[in-house]
Every structure is written in C-alpha cells, then in structure tokens.
Amino acid sequence: MKSPILLVLLGLALQTRAAVSAAASPLDSLRRQLATMPADTTRVLLLAQLATELTQIDPLATIVYCRQALQLAQKIGFRRGEALVLIRLGSGFREAGNYPAALQFGLKGLHLAEEVGSAPLVARGLNALGYLSWEQGNSRPALFYLRRAKAVAEHSHADAVLTRVLGNIGNVYQQLHQPDSALLYSRQGLALDLRNHDLSSEVGDAAMLGNIYASLGNRSRAQYYYRYSLRRSLGAGFTFAICRAYLGQARLFYPPAGPPTDSALYFARQALRTAQRGNYPRGQYEAAQFLATAQAARHDTAAAFRYLRLANTTRDTLFSATTLSQMQALDVSERLRLGELDRQRAQAATHRRQVWLLAALAAAVPALLLLWHNGRLRQRANQQLNVQNAQLETQRDELRATLARLEETQAQLVQSEKMAFLGELTAGIAHELQNPLAFVKNFADVSALLVDDITGEPSSSANGDGSQELLLAGLRRNLREISQHDQRATAIIASMLARSHGGPPPPHQPTNLNTLALEYLRLAYQGMRAKDKSFVAARPTHLAEHLPLVPVVAPDLGRVFLNLFSNAFYAVRQRQQCGEAGYLPAVQLSTRLLPSGHVEVRIRDNGPGTPAAVRASIFQPFFTTKVAGEGTGLGLALAHDIVVRDHGGTLTVDSRENDYTEFIICLPVPVA
C-alpha cells in the first residue's frame, strides 16, 4: 500500500511545482509585448509565437491567436507570415481533435510556403502533415511526409525544424514496431532538442524513448525517461508529453498476467485528467481505453463501462467515418499533387539536361576545330622533340662517359684514403714503438759489452773478487729489461691494431694514478738518458695523498703519460742546448683531487714554451714542431683521443713563451 501513496504524493508535488513554474511562463511576457505591438509583420510573428507556445497547453487559444494573425497577415500582404500561421493553425486543430480542419489548413500553409519559396516553412509544413498522419495511425503516409521534410530541412540547414522531424520519424518507427530504428531517430532528435533548447520537442522525444525502452523490456531506462519527461513538461504544461509519460508508466505497472496494480490505475487516471484539462482528445481516448481494459480486468464492470463509453465517444469525434473519408480524400489528393510536383521537377531536370547537352554540342564544334589545330601543332612539336631527343641522347652518352671517369676517379680516391689510413696507422705504431725499441737497443748494447767483459776476464779473477758474478747479474738484469720492453712493444702493436679495427674497448680497471704517472716519468727519463747520457734534469713531484683509485685503461693512459713526459724532457733538453746561462732543466709532476670529484694531473716543464698559434693546432694529427725524423705528429693527437673519447676526461695545455708549458689532465671519479 505504500507504493500508491508515495506515487500520489509525488504527483501532488509535481503538480505544485507545475503551478509555480507556470507563473513564470514566457506567455506573460509575450502578451505584454503584444499589447503595445503595432499592426505590422512583427505583430504577425508575435501572434504566431504565442500560438506556438500554447499549442500543447491550450489548443483552443492557439486557434484564436492563429486566426488573428491570419487576418492581419492577409490584410498587410505578409505571405510568408500567412504560410507560417496556416501551418500553426493546422497544428492547433490537430491538438483539438479536428483532424479534417488540421489537414486542410496544413495543406494550405504548405502550398503557400512552396509559392513564397521558403524551404524552412516547406519543411515545417511537411513535418506537420507527417505528425498528423502518425497520430491517426497512418504510418506509411507519415513516413512519406517526414522523409521529405528531413531532406528539405537538412538541405536548408533548418535545425529548428529538423529536431522535430527526427523525433517524429522515431514515433512512426515505434508505431511500425521497429524499435531499433525508432531508438536511433529518437536519440538523434533528443540530442538536437537539447542543443536547440526546444523544450516542447525535448519532452515529447523523452516520453517516446520511454515507450521504446518499455517495448524492448528495459523497465529501468523506460522509467527514467518517463520521469525525465514529466519533470521537464509539468512546469511548462505540455499536455501531450504529460499524458504520454503518465500513460507509459501506467503500462509499466500493468503486469502481463493478472489484474493491473493500483499504480497502473493511478497513472492512467492522471493521464486522463491531464488530457481533459488540456483539451487533448487523443490523450483522453488512449487513457479512457486503457482504464476500461484495466477495470474490466479487475471485474469492475460499472467503471469499465463508464470508461469504455468515454473512449468510444472520443474515438467517434476523432475517427468518425465522415472524418476518415475527408482525411483520406485530402491525403490522397495531396500525395498525388506532391507526386505530380516530383514528376514535373524530374521533367524540368530532364529538360535542363537536354538544353545543357545541346549547348555542349554547340560548344563542341569550335572545340573540335581547336583540337584539330592543336593536333597539327602537337605533330610539329613532336618532330622538334625528336630532334631534341637525338641531341639529348648524344649528351647522355657524353654524360655516361663522364660518369665512368668520375667512378674511376672515386675508386682511386677510395684507394688513396685507404693508403692514407694505413700510413696513419703505421706512423702511430712507429711513434709508439720508438721508446721501447730505444730501451731494447740500449740494454742490448750494454749486454754486448758485458758479454765482452765476461769473455775477456781471466779465469783466476772469477774466484777472486767475484766480478764475473756481478757481470752475469747485470747481464740477467739487462735481459729482463729487454724482455719487458719487448712485451711493451708487443702490447703497443696489439692495442694500435685493435684501435684501427674498431673492436670492443678494453675494460677500465681502478688504478692509482700516482704510481702510474711515476712509473712513466721514470721510463721517459731513462729513454732520454739512453739517447743522451749527458742529459740531467730535475724531476720534482707534488702528489696528493689518499688519491682515490680511478677506473682507467692503464696501458692506454700510460702511453699518454709517456708521450707528455717525453715531450717535456725533449723541450727542456732543447732549451738546455741553447746554452742559456744558469738554466736548470726540470719536469714537474703534480696530482690533486678537485672539489668537483675529478682527479687532476699536471705535467709542467720549464722549456721554451709553446706559442699561441702552435697551441691552437697542437692536438691535430700529424702536427709537430720537432725537426724531421724526430716526431710523427701523432703523439698528442692519440693522447687527446685516449683522454677525451676513451676516458671521458679533458686534456688542455697552458704555456708562456721562455717560461713554461703545462699539460693538464682531468679525469672523472665515479661516485661510490
């Protein structure tokens, strides 16, 4: 019992809200404007707008305002306004249940709209005729009118008409029991209603979507759209939408088997009251017919008979034999007229095509002459092109010969480049092998002298002071040095070949740079002493304590140190040989850990210095300042590549002429 009571309360709340909203209706604003509007075209349009607002609320008032607007439009000769009012007057008679008058005025409005050439009005008239046919249950004629209305509205971009046409097509497909098509068009219509703010069409399409979802068995969606339509239409007083929503909910609460529920009777009575109050015969007929069936199912014979008599009376008003015959005659006549118009349009289109064809043929004669003339010109042009083609073929042959010569030259350049690369590799290996081979030669010479001493030593002396054992020990030491420097030479050759073939780089190992730099400082000094035994230089060192291990390729970085130290000793020796008074050659090594986390190694000599012009090119391959035969020009270039490319560090030079030259190596230390 709680459900009917709640529904009654809901109905009362909605009616109260409707009354409040009605007070704020735009009708009052339109009436106030009408009171001060002069008798001109604007007044005609204002009366038509007022009639439109009242169509779903008070059809009789719609008819009154339309008649006033029609008289004024005819009086001032406003034919477009007259067509609009006639179409609107037909809608008013339709809502009032006078279908013959609705069809008559609707046809007059359509004909006048066609005469004045207003596509939106033509679409509006066709839509009104389609809606009228659907309301009478004539689905096929309704589709005939509505499809024509849709085509005209789309072509003329009349969205205000198209939004209603789409919803009405959905109504017809629902009447034909094609819910999928009905759902498609009704959704499109509702979307366009919301975009155009057409409330009257919106509430009608929402109620029809409720009917469609009910026929598909989706009760929840149906109930949603019924309630949505009621909520939007009660405030505006749209009778047709309110009746449709109430009656749809009544059908939802009517079970397939058994008597109807109290909720079904409640909603059906609400639909009947709304139809009677709003002078909407169609809604009154459908509600009375539903209530008659429902009361019969509940075995309430008196109530069923009362509602059945009301339904029959309303049906006779709407669908009497005279009414139907008048409607059928007018409908057939109009469809024949439209068919004749289509035939005339087709004939006119055919005639236009024939005229265009004749015009095209007439224009074709000079075109043919022009084509013949162009053909002769083209023939002459082709002859000239043949001559030019022969000349181009000759030029092509010359180009092919030139291209062959270019390819031959390119092959020679490639071969030259290969030989240059081979020369660079050979020069690099020769440069790297100079120091170890010098050591090998030096120790070999010393070993030969030791052998001579041993072979020339008397045998008695061997047991005397032990000099032979000392000579043999020196010989062994020299042989070990020769073996070590031979291994260095082998490692250098392997490293240079691997670098030239582009193989995988050797692994980086944590290395103590102090130890590595000191070792190659000693080797470089010994190498210079092997060349010039009179050469002596100071070798001060300033090494940082607790220097972190740096991941490097020790043999590669050792070659860098060896090259820099050798260049430094070469520079101080050159300055010493100049005979400068008081000059003492010195090569200094210093290391430190920078705040940035890098290890810095500085190699400084007090030689003649390096001019700025030389410093700009000092790291370029094959650039050297040494005399011919003493340098290859690859040492510093290779050193720069090893530090920068292989170790991610920097190698820079600082110098002042006649003072010093200092090479600075900066290597990153990974964060622990």
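Visitor: How far apart should the end C-alpha atoms of helix α3 be, and how far apart are they?

Guide: Happy to walk you through that one. At 1.5 Å a residue, the 14 residues of α3, residues 41–54, should span 20 Å, and the end C-alpha atoms are 20 Å apart, so the two values agree. Do keep in mind that this is a predicted model.

Visitor: What happens at the start of α3?

Guide: Look at D40. A side-chain oxygen of D40 comes to within 3.2 Å of the backbone nitrogen of T42.

Visitor: Which residues of α3 are buried?

Guide: Start with the general idea. An α-helix has 3.6 residues a turn, so residues three or four places apart point the same way. In this helix, the buried residues are V44, L46, L47, A48, L50, A51 and L54.

Visitor: And which helices do those buried residues pack against?

Guide: Their partners are α2 (26–35), α4 (59–76) and α5.

Visitor: Which residues line the largest cavity?

Guide: The lining consists of I87, G90, S91, R94, A102, G106, A128, L129 and L132. By type, five of these lining residues are nonpolar, three are polar and one is charged.

Visitor: Which helix gives the most to that lining?

Guide: That is α5, with four residues. Helices α5 (79–96), α6 (99–116) and α7 (119–135) each supply at least two lining residues.

Terms used:
Residues numbered from 1 in each chain as written. Predicted model: local features only at pLDDT ≥ 70, side-chain atom pairs only at ≥ 80, totals over all residues. Heavy atoms only, no water. 1 Å grid on protein atoms, 1.4 Å probe; cavity = no way out; pocket = protein on both sides within 12 Å on 5 of 7 lines; lining within 4 Å. Nonpolar A, V, L, I, M, F, W, Y, C, P; charged D, E, K, R; others polar. Expected span 1.5 Å × (residues − 1). Buried < 20%, exposed > 50% of the residue type's maximum accessible area, 1.4 Å probe, protein only. Contact = heavy atoms within 4.5 Å. Polar contact = N/O pair within 3.5 Å; in protein donor to acceptor, adjacent residues only side chain to side chain.
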